[in-house]
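Hi,

Here is the structure I promised to pass on.

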Amino acid sequence: MPELTRNYRPAFRTDIAGVLAPSRRGRGDPCLRHEDSGLTWLTANTVEGAATMVLRPRTDGVVQARAWGQGARALLDGLPALLGADDDDTGFVAHHDAVAMARRRLPWLRLGATGRVWDALVPAVLEQKVTSHEARRSWRELCRWFGEPAPGPAPHGMRVPPTPLAIRSITDWEWHKVGVDSSRRGALVAAARVAHRLEGASGLRGAEGRALLRQVPGIGVWTAAEIAQRAWGDPDAVSFGDFHVPAIVGHALLGRELDDEGMHAVLAPYFPQRQRAVRYLEAAGFSRPRFGPRHAVRDYRAI
C-alpha cells in the first residue's frame with residue numbers, strides 16, 4: 001500500500017493531544033491513539049475512502065504526517081484544519097476569572113475540525129443518555145465488528161469507523177450484541193440513510209449546519225452540538241442537555257450547580273463563542289464535583 005507524506009509547519013504552537021482530545025473516545029479508542037513515543041495515529045472515512053494517518057511533532061515546530069489508504073490524500077489535505085488552523089478566536093473576551101485563568105494557562109488552545117460529519121456522528125449518538133463507559137464499550141465493539149482494519153502499518157487493533165453502509169447492514173441481534181438500544185440504533189440507521197447529505201453540514205457550519213443535522217430523527221440539540229464541535233470546530237456549539245457540562249460550568253464560574261437554563265444565561269456574554277469558553281474550562285481541568293449523582297452503568301446486552 002503506497003505511503004503519502006507531508007510536512008506541515010503551523011503558524012501557531014501545536015498541541016496535538018490537546019486539539020484532538022474531544023475526538024478521542026477513551027484510552028481504548030480504536031480510531032485514535034497516542035503513543036509514548038510521541039506519535040499520534042488516527043483513522044477516518046473520507047470522501048475518497050478509508051485512511052490511516054500518523055503524526056509526529058518535531059522540535060522545530062514541523063508536524064510530519066504519513067498516511068495510507070484510499071483516503072490518504074484527503075486526510076493529509078485536512079491536516080491544517082484538524083490541528084486548528086481555521087480556528088479564529090477574534091473577539092473572544094474572558095468574562096469570568098476562571099476562563100481568564102484558563103486562557104492564560106492555555107494560550108495555544110485551538111478548536112480543531114475533522115471535516116468529517118459521519119465519523120463524529122456515530123460516537124455522539126452512542127453517547128446519548130448513557131454513561132461514558134457504556135458508550136465507549138459500544139464504540140469499540142462497533143468498530144471491531146463492523147469497521148475495517150486500519151490501512152497501512154497502524155498499531156494492532158486499530159480500526160476505521162463503520163461506514164453508513166456497514167451501519168445499515170447490522171441486524172437487531174448484532175445491535176444487542178454491541179449493547180446499543182433501539183433508540184440509538186434508530187438514530188444511527190436514520191442518519192446512515194442520508195449520510196451523504198449530512199456531510200454538507202460541515203460546509204454550512206454554525207447554527208445552520210446544526211439545524212441540518214437535527215433534521216434526522218433522534219438527533220437533537222445535544223447530539224448536533226457534539227458533532228459540530230468536532231466536525232467543524234464550532235466555537236458556539238454548547239452541549240445543552242449534557243449531564244456534566246452545566247455542573248462544570250456552574251462550579252467553575254459561580255461555585256454552584258447549574259441547570260441548562262442557568263448555563264444558557266451565564267454563557268450568554270460569550271456568544272458567538274460560548275463553546276470556546278466551555279472548552280477552556282474543560283481543558284484547564286475543571287470537572288463535576290465527585291459527590292454529585294451518577295448514572296448507573298447498564299449493559300443492554302444483558303436485557
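This is a predicted model: local features need pLDDT of at least 70, side-chain atom pairs count only at pLDDT 80 or more; totals for chains, interfaces and linings use all residues.

Residues are numbered from 1 along each chain as its sequence is written, and side-chain values use heavy atoms, leaving out hydrogens and water.

The sheet is open and has five strands in the order β1-β5-β4-β3-β2, paired antiparallel. (Strands are DSSP E runs of at least two residues, helices H or I runs of at least four, both numbered from the N terminus; two strands pair if DSSP finds at least two bridges between them.) The edges are β1 (4–8) and β2 (32–34), each with a single partner strand, so one side of each has no neighbour in the sheet. β2 pairs with β3 (residues 40–46) over three bridges, antiparallel, and Arg33 sits opposite Trp41 of β3.

Now the helices. α14 (residues 245–253) packs on α15 (residues 260–267) at about 50 degrees, the axes 9 Å apart. Axes are lines fitted to C-alpha atoms, for helices over the stretch in contact, and angles run from 0 to 180 degrees between N-to-C directions. The two are therefore oblique (under 35 degrees is roughly parallel, over 145 roughly antiparallel, 65 to 115 roughly perpendicular, the rest oblique). Where do they touch? Val245, Pro246, Val249 and Leu253 in α14 meet Asp260, Met263, Val266 and Leu267 in α15, contact meaning heavy atoms within 4.5 Å.

Cheers
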